[in-house]
Amino acid sequence: MRNLETDVLVVGAGGAGMYAAVEAARLGSRVILADRGLIGRSGATVMAQMTVAAAMGEPADDSVEAHLADTLQAGRELCEPDLSRLLCEEGLECVREMDTWGVGWARAEGQLTPVMAPGHDRPRCVYVDFLNTGPAVSRTLRTQVIRSPLVQRVGDLCITDLVVHEGRCAGAVGVHLTTGEAVTIVAGAVVLACGGLTRLYARNSASSNMGGDAYALALRAGAPLIDMEFVQFFPIGHLAPRMIGMDPIMWDPFRYKLGGRLLNGLKEEFTHRYGTEDGGRYTITRDQATYAIYKEVEAGRGSPHGGAWLSFEHLPPEQLRAAFGPVVDRLAKNGIDLAKTPIEVAPIAHYHMGGVAVDTRMATVVPGLFVGGEAVGGANGANRLSGNAITEAFAFGRRAGASAAQAVSVLAADAVADPVASASRIERVRAQAQRLIEATLTPGTLPTEANTAAAIDELQTIMSRKVGPFRTEAGLREGLDGVRALATRFHAAPSFAPGAFDPVWLDWFDLRNMTLVAETVTVAALERTESRGAHQREDHPGLDPNWTLHLESRLAGPTDAIALVQSQANPQIALARVPVNAGVAA
Ligand SMILES: Cc1cc2nc3c(=O)[nH]c(=O)nc-3n(C[C@H](O)[C@H](O)[C@H](O)COP(=O)(O)OP(=O)(O)OC[C@H]3O[C@@H](n4cnc5c(N)ncnc54)[C@H](O)[C@@H]3O)c2cc1C
């Protein structure tokens, strides 16, 4: 067992986690930045090849108010306006700061070249060419992290539970994946920045680390979640032909730059049948496009593999080359010539609007626990605008880092006033962490033939078929039964101690979190009997003004991680209705 100690523990080193670490260190805190993968090279941020929304006002006029108005409109009255404002206001500051750090936002003749994206009222989305935004953002933040002497980077460390001591989040426990060693971390404050949950679905744009760890860790620490039913499906994920080494949502920038025609299996334009003229200009929002493609497939008018055609055949090859340079060659290696053939696209799980309930300091109801990035719920309501997620990762990560540093400075003042009490508190936290390790990392009674990897596949299939973008009561109930049955089958831990590079234990940890988070999504989707944004109930079409509220999810019964592991029952979710703009982390 290895025991670490720090001021601020940041869990997850994507855009939000790295920004949080840099900010907390800038304010004088010692930081451990832990990630279950490589620091700054795992999760969604590094995969995001496209755009970042910010009202830079260059070359044409723009304003935070205009960006905010578009964000609120897309959110279908479920945005927490203070969080949305933070996203637009402080996100802008961060995008400018990234510029000074040399990220390389695309420019022509010295001026930024923001592009138009669906739901924005003007070109507002900056990017790094060609399809290089996420890698450039990650590289820039990694450099800042490396330049911060107060930040200690710990990769390959999967955080499995948070330590809550005397009502306060005081650290975490985890397993070092390359050695199988248990790790305890005592911290003055913790920032959760573990990204979203899209790995719950079979077709997704995610890395394998996006199974909703932040939500499960927060729930077991006693922090509620909101809006869990709102999973955003990206309408034009790559479907066919086979394509290797490229981002499955890469067709977005093609559409931003070139438009492109969305056609059904009969090669007809179809979005107008569902209330939106797209006309090759890419103005349709994500939820509307997802709906339109699903409905065409359902009506038997899908493309051969069950999606829609996306065609650039009407554009001259020179125009494609001018817009995408080397990407055209990478496509050619995959046998794709856009000037000659359309490709097939289909909706894939891409982003999660819900998340942990926080106030504008990114503080949860659990003292000492802060959240940043996609793991935060509320800023984007029922539907997120393109480009807002990276902006959110920056703004909320920076805020969470600053708030955690501030919380630590209060503890530091207490320690100066009473060093004996402070040392004794640290000892008690460490003892609590060790009890947690004994409860959660000790061999259990899972039968050796139980296949944890196959169970993850099974879960993804259930979620895709029963809790996808279009839902019914009967389907959701079946989904819930399936998720609960899996959680019961895999409740007990593997029957051997974790080893180095141990895929069974890692899958088991993932299953434990994924079944809990899947249950949360399903229960909330069942409860919300209306259709709004990304949550579409076939049996309750249309938005119902009585549902202009959040569904808040908490663990019912024991919330203590040790009691949960020892209990034979699955954790249960309790839902509450919370008004919008009434302080979701109150
Ligand atoms: C393919 C793709 C393309 C996208 N394109 C865009 C785009 O163009 N514009 C836009 O605005 N948004 C885009 N998004 C969404 C956006 O990238 C994300 O919402 C955002 O980057 C999330 O940042 P984050 O820091 O919150 O999480 P991530 O970047 O996902 O980072 C989370 C980190 O937490 C780590 N982690 C998870 N669990 C644990 C654990 N238990 N212990 C330790 N570490 C853990 C992961 O390894 C990961 O490194 C895209 C997403 C994807 C998947």
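**Reading a domain interface and a ligand site**

Q: How much area is buried between domain 1 and domain 2?

A: Buried area is the accessible area (1.4 Å probe) that two parts lose on being put together, summed over both. Here domain 1 and domain 2 bury about 1,300 Å² between them. Carbon and sulfur atoms give 59% of that area. This is a predicted model: local features need pLDDT of at least 70, side-chain atom pairs need 80 or more, and totals for chains, interfaces and linings use all residues. Residues are numbered from 1 along each chain as its sequence is written, and side-chain values use heavy atoms, without hydrogens and water.

Q: Where do the domains lie in the chain?

A: Bounds come from an automatic or database assignment. Domain 1 is built from 2-54 + 64-101 + 130-230 + 351-438. Domain 2 covers 237-346, and domain 3 covers 444-545. The C-alpha centres of domain 1 and domain 2 are 34 Å apart.

Q: How many residues of each domain are in contact?

A: Contact means heavy atoms within 4.5 Å. Domain 1 brings 12 residues, and domain 2 brings 20.

Q: How many salt bridges cross this interface?

A: A salt bridge puts a side-chain nitrogen of Lys or Arg within 4 Å of a carboxyl oxygen of Asp or Glu. Between domain 1 and domain 2 the rule finds 0.

Q: Which residues come nearest to the ligand?

A: There are 37 residues around the ligand (a heavy atom within 4 Å). Asp35, Thr45, Thr51, Asp213 and Glu374 come nearest. For threonine 45, a side-chain N or O atom is 2.5 Å from a ligand oxygen. For threonine 51, a polar backbone atom is 2.7 Å from a ligand nitrogen. The ligand alone exposes 1,000 Å² (Shrake-Rupley method, 1.4 Å probe), and the protein buries 99% of that.

Definitions and conventions. A polar contact is a pair of N or O atoms within 3.5 Å; within protein, one must be able to donate a hydrogen and the other to accept it, and residues adjacent in sequence count only if both atoms are side-chain atoms.
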